[in-house]
Amino acid sequence: MALQASGNRNIQILLARRPQGRPQIEDFSVVESPIPEPGDEQVLVQALYLSLDPYMRGRMNDTKSYVPPVQIGEVMGGGVVGRVIKSADPKVPAGTMVEGLLGWQSHAVEKASRLRIVDPRLAPVSTALGVLGMPGITAYFGLLDICQPKAGETVVVSAASGAVGGVVGQIAKIRGCRTVGIVGSDAKAEYIVDDLGYDAAINHRTTPNIKGAIAAACPDGVDVYFDNVGGPITDAVVECLALHARVSLCGQISQYNNEKVELGPRNLWRLITTRSRMEGFIVFDFRDRYPEALKALAGWVSAGRIRYREDIVRGIENAPRAFLGLLEGENFGKRLIQIADDSQLPGAPS
């Protein structure tokens, strides 16, 4: 199906049923509805890009979490960057590029005050969903505030080529650390070393002894571990922690599709013997400090000190399949759905 950029209908992806284990295409439905009209202080946004992120899997379950679950028949939640095409708020006129949690749909109405204005002159607008958006901000605070890395320390990052992990490793290098990334393919291993500046890479899919590989890459132990995956990889890293190590729990993608919670980890005694600290966090905890992170990230990107890679799938109707691939590690970089071409939107520059 060709990329649809405009029209008089709103294309939406709904949650059709709760997944049992790994999500299936049948857990989603694609519908069309009338394009909504903005009310007072609202704007109508036509989406350009939709962000696909692992946390969305948790929102498909009917369980208590830090955000409410998506209800059956509701639009799947997610970050979007798009152009305002109608406005009932003079502070955000038509033609403005914005970013917000507008969901898996081609058009959305939202209060203007709840949207972040995006300057397309700074970087491609898609970066507002990646390195200059939630993933980049997550990397910034999850590493610098939670782990407080020091120059000369060894930082290990799982899912190191992803939207968050790729930025974590580069910030660690900026802070003078040695970096080791754990990835799922030889191509990703080559990428994080050659393009992102990691000092070493481990392909967990082809390495029979993960603990041994981590120990060999980190002969003085792991001072900082940024955990995006959980499971056996995290168990192996914990076995290699150095004295007074810090562990940032950002994600547990290896566990999201489990129908039953796995027993473990059983090696937390290592936190006692090494006097280490393990802390979970949610990026929303740092909402008041987002401008700090975005200013730093934009500066590093502009200076070429942080590089990024985007994995773009065209067509909103392909979002479910692309999301399933994300959960299996199919993506290479930040996975986005391109919903429309900017040049085709009302108010686009000529």
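This is a predicted model: local features need pLDDT of at least 70, side-chain atom pairs count only at pLDDT 80 or more; totals for chains, interfaces and linings use all residues.
The largest nonpolar core holds 41 residues, and a second, separate core holds 32.

**The largest nonpolar core**

- Among the 41 residues of this core, Ile137, Tyr140, Leu143, Ile171, Leu297, Trp300 and Ile306 touch the most other members.
- Helix 8 gives the largest share, with seven residues.
- Isoleucine 171 makes contact with Ala139, Tyr140, Leu143, Leu144, Leu297, Trp300 and Ile306, once its neighbours within four places in sequence are set aside.
- As general background, nonpolar side chains in soluble globular proteins tend to be buried together.

**The second core**

- This separate core of 32 residues includes Ile11, Phe28, Trp104 and Ala319.

**Threonine 138**

- You will find threonine 138 in helix 2, which spans residues 134–144.
- Threonine 138 counts as buried because its relative accessibility is 5%, below the 20% cut-off.
- Not counting residues up to four places away in sequence, threonine 138 touches Leu143, Val164, Phe226, Cys250, Phe281 and Val283.

**The second largest pocket**

- The volume of this pocket is about 210 Å³.
- Its lining is made up of 14 residues, and those nearest the centre are Arg116, Asp119, Leu122, Leu132 and Leu294.
- By class, the lining has 10 nonpolar residues, one polar residue and three charged residues.
- The largest share of the lining, three residues, belongs to helix 8.

**Leucine 324**

- Leucine 324 sits in helix 9, which covers residues 319–327.
- With a relative accessibility of 18%, leucine 324 is counted as buried, because the cut-off is under 20%.
- Apart from neighbours within four places in sequence, leucine 324 is in contact with Pro23, Gln24, Ile25 and Phe28.
- Leucine 324 and proline 54 are 270 residues apart in sequence, yet their C-alpha atoms are 9.6 Å apart in space.

Notes. Residues are numbered from 1 along each chain as its sequence is written. Side-chain values use heavy atoms; hydrogens and water are left out. Helices (H or I, at least four residues) and strands (E, at least two) are DSSP runs, numbered from the N terminus. Buried means under 20% relative accessible area, exposed over 50%, partly exposed in between (1.4 Å probe, protein chains only). Contact means heavy atoms within 4.5 Å. A nonpolar core is a set of buried Ala, Val, Leu, Ile, Met, Phe, Trp, Tyr and Cys residues joined through side-chain atoms within 4.5 Å. On a 1 Å grid over the protein atoms alone, a cavity is a set of points where a 1.4 Å probe fits but cannot get out, and a pocket is an open set with protein on both sides within 12 Å along at least five of seven lines; lining residues have an atom within 4 Å of a point. Grid points are joined across faces, edges and corners, and a volume is the space filled by probe spheres set on the points. Ala, Val, Leu, Ile, Met, Phe, Trp, Tyr, Cys and Pro count as nonpolar, Asp, Glu, Lys and Arg as charged, and the others, Gly among them, as polar.
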